[in-house]
Amino acid sequence: MISHQAESGKWTTTQSKSDVHVEDEEIQAGVGREDVKDHEHEVSGTGTWKHAAFHVATTIATPAAYAPLPFAIASLGWPLGVSSLVAATLATWYSSLLIASLWRWNGKKHVTYRLLAESIFGFWGYYSIAFFQQVASIGNNVAIQIAAGSSLKAIYKHYHTHGTLTLQHFIIFFGVFELFLSQLPDIHSLRWVNGLCTLSTIGFAGTTIGVTIYNGKKIDRETINYSLQGSSSAKRFAAFNALGTIAFSFGDAMLPEIQNTVREPAVKNMQKGVSAAYSVIVSTYWQLAIIGYWAFGSQVQPYIVASLTVPKWTIVMANIFAVVQISGCYQIYCRPTYAYFEERLVSDTSKSSASMFRNHLVRLTFTSIYIVVITLVASAMPFFVDFVSICGAIGFTPLDFVFPVLAFLKAGKMPRNRLLCISMRILNVAIAAWFSVVAVLGCVGAIRFVVEDVKTYKFFHDM
């Protein structure tokens with residue numbers, strides 16, 4: 001008997017002890033071992049395409065993702081920067097549609113990214129995706145916790161100019177709030193939070209774009225320089241780092257998990273939700289990236305809000321929008337880790353008071369450990385753009401650019417039209433090859449920046 005366990009606070013569909021038998025055909029499909037607990041039990045999602053759009057927009061279009069884009073373009077220059085931004089947008093939109101189309105590709109649902117990978121690539125697919133998801137999840141949450149702390153500190157300094165609280169205090173405050181949200185049972189239970197976060201995304205983008213234009217017009221345009229800064233070596237590594245930053249900006253390592261919350265027809269609803277989310281992404285990313293670089297040139301800060309000076313109240317508003325949006329994104333990315341521990345530590349799924357109390361206590365324990373670790377790393381090394389680039393290169397590039405196109409080719413889901421089939425094969429191979437190179441270059445650039453920052457700043461530096 002399968003129990004969904006929404007009432008008792010379970011995050012994932014779970015198999016009871018009496019259901020240890022697994023059909024041979026399921027094992028042959030690539031589902032075995034402890035993955036039975038994750039397996040695609042026929043429990044239909046209830047979310048609409050609008051809910052899917054909220055979730056996708058929340059996971060991708062965060063202030064931590066597009067606030068560093070002007071800095072990335074400044075590291076690449078106008079032609080390469082803008083072309084890289086447009087290419088990354090189109091590539092991830094296309095890849096997301098491919099992932100959505102692989103729902104039930106072999107007749108069975110694959111409710112997590114790692115199970116989808118295992119069904120196509122086998123053992124190594126499962127563990128490769130599990131590794132990349134954890135890198136993306138942890139790296140993303142470190143980066144956005146730094147961003148949230150920076151925004152909270154900026155709000156505080158607006159009202160208390162000589163206040164003594166540091167960035168680390170606000171990183172801790174944000175961590176405590178995320179611990180509270182972590183007690184919600186699953187991604188679908190966050191739908192209203194993510195709806196608010198999507199509105200905050202639009203609010204942040206609109207406010208920041210408007211204030212950036214205002215600041216850009218106030219600056220003497222003769223003083224703005226668009227040339228690449230530093231030595232030849234510095235320019236090269238900055239460009240590598242920028243590629244990782246752009247990859248991070250389009251990161252979404254949770255598409256199958258989100259699609260599992262969507263009602264049938266899941267493929268159509270998910271693709272519609274993805275396209276709706278990308279309409280928000282295009283309208284915000286491109287404008288802020290281009291306008292931010294236009295306004296401040298090569299002197300733009302890694303976190304665009306830090307470049308803004310007037311009017312003060314609008315900067316406070318932008319930071320409030322940023323914190324609200326980031327709070328939902330953080331939750332989306334910590335869920336795979338929570339589910340992993342949930343599967344192994346919560347065994348009694350009965351609805352008795354004692355069982356429910358134990359399960360909530362166990363959940364509180366491992367969510368607390370997770371958030372303490374993330375908070376400690378973010379506080380000790382608050383190098384925002386470094387974590388953004390590393391996470392983009394090592395985590396999101398394989399998950400969002402390389403794996404989807406290779407999985408689609410391997411699954412044999414090509415169209416029957418010969419010309420279209422050949423065109424898609426060429427396109428998929430080209431995307432996989434180019435973004436594999438981007439992953440390597442982005443990682444090299446990010447590691448160099450981390451080494452330089454560690455030399456420059458002490459641990460727990462108040463940035």
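## Packing of α7 against α13

In this predicted model, helix α7, spanning residues 123-159, packs against helix α13, spanning residues 312-345, at an angle of about 155°. The axes of the two helices lie 8 Å apart. Because angles over 145 degrees count as roughly antiparallel, α7 is roughly antiparallel to α13.

The crossing of α7 and α13 is left-handed. Sorted by class, the residues in the contact of α7 with α13 comprise 17 nonpolar, 10 polar and one charged.

## Packing of α6 against α7

Helix α7 also meets helix α6, which covers residues 113-121. The axes of α6 and α7 come within 6 Å and cross at roughly 150°. The two helices are therefore roughly antiparallel to each other. The crossing of α6 and α7 is right-handed, whereas that of α7 and α13 is left-handed.

## The largest pocket

The largest pocket has a volume of about 1,100 Å³. Its lining is made up of 42 residues. Nearest the centre of the largest pocket lie Val300, Gln301, Pro302, Tyr303 and Ala306.

Two or more lining residues are contributed by each of α4 (69-76), α7, α10 (232-249), α13, α15 (384-411) and α16 (418-456). Helix α7 provides the largest share of the lining, with seven residues. By class, the lining of the largest pocket has 24 nonpolar, 11 polar and seven charged residues.

Pro311 belongs to the loop between α12 (266-296) and α13. The relative accessibility of Pro311 is 25%, so this residue counts as partly exposed. Partly exposed residues are those between the limits of 20% for buried and 50% for exposed.

Pro311 and Tyr214 are 97 residues apart along the chain. The C-alpha atoms of Pro311 and Tyr214 are separated by 8.7 Å.

## Ala276 in helix α12

Helix α12, on one side of the loop that holds Pro311, contains Ala276. With a relative accessibility of 23%, Ala276 counts as partly exposed. A separation of 8.5 Å is found between the C-alpha atoms of Ala276 and Ala57. Along the chain, Ala276 and Ala57 are 219 residues apart.

How values were computed
Residues numbered from 1 in each chain as written. Predicted model: local features only at pLDDT ≥ 70, side-chain atom pairs only at ≥ 80, totals over all residues. Heavy atoms only, no water. Axes fitted to C-alpha atoms, helices over the stretch in contact; angles between N-to-C directions. Helix = DSSP H or I, 4+ residues; strand = E, 2+ residues; numbered from the N terminus. Parallel < 35°, antiparallel > 145°, perpendicular 65-115°, else oblique. Left-handed = near helix turned anticlockwise from the far one by under 90°. Nonpolar A, V, L, I, M, F, W, Y, C, P; charged D, E, K, R; others polar. 1 Å grid on protein atoms, 1.4 Å probe; cavity = no way out; pocket = protein on both sides within 12 Å on 5 of 7 lines; lining within 4 Å. Points joined across faces, edges and corners; volume = space filled by probe spheres on them. Buried < 20%, exposed > 50% of the residue type's maximum accessible area, 1.4 Å probe, protein only.
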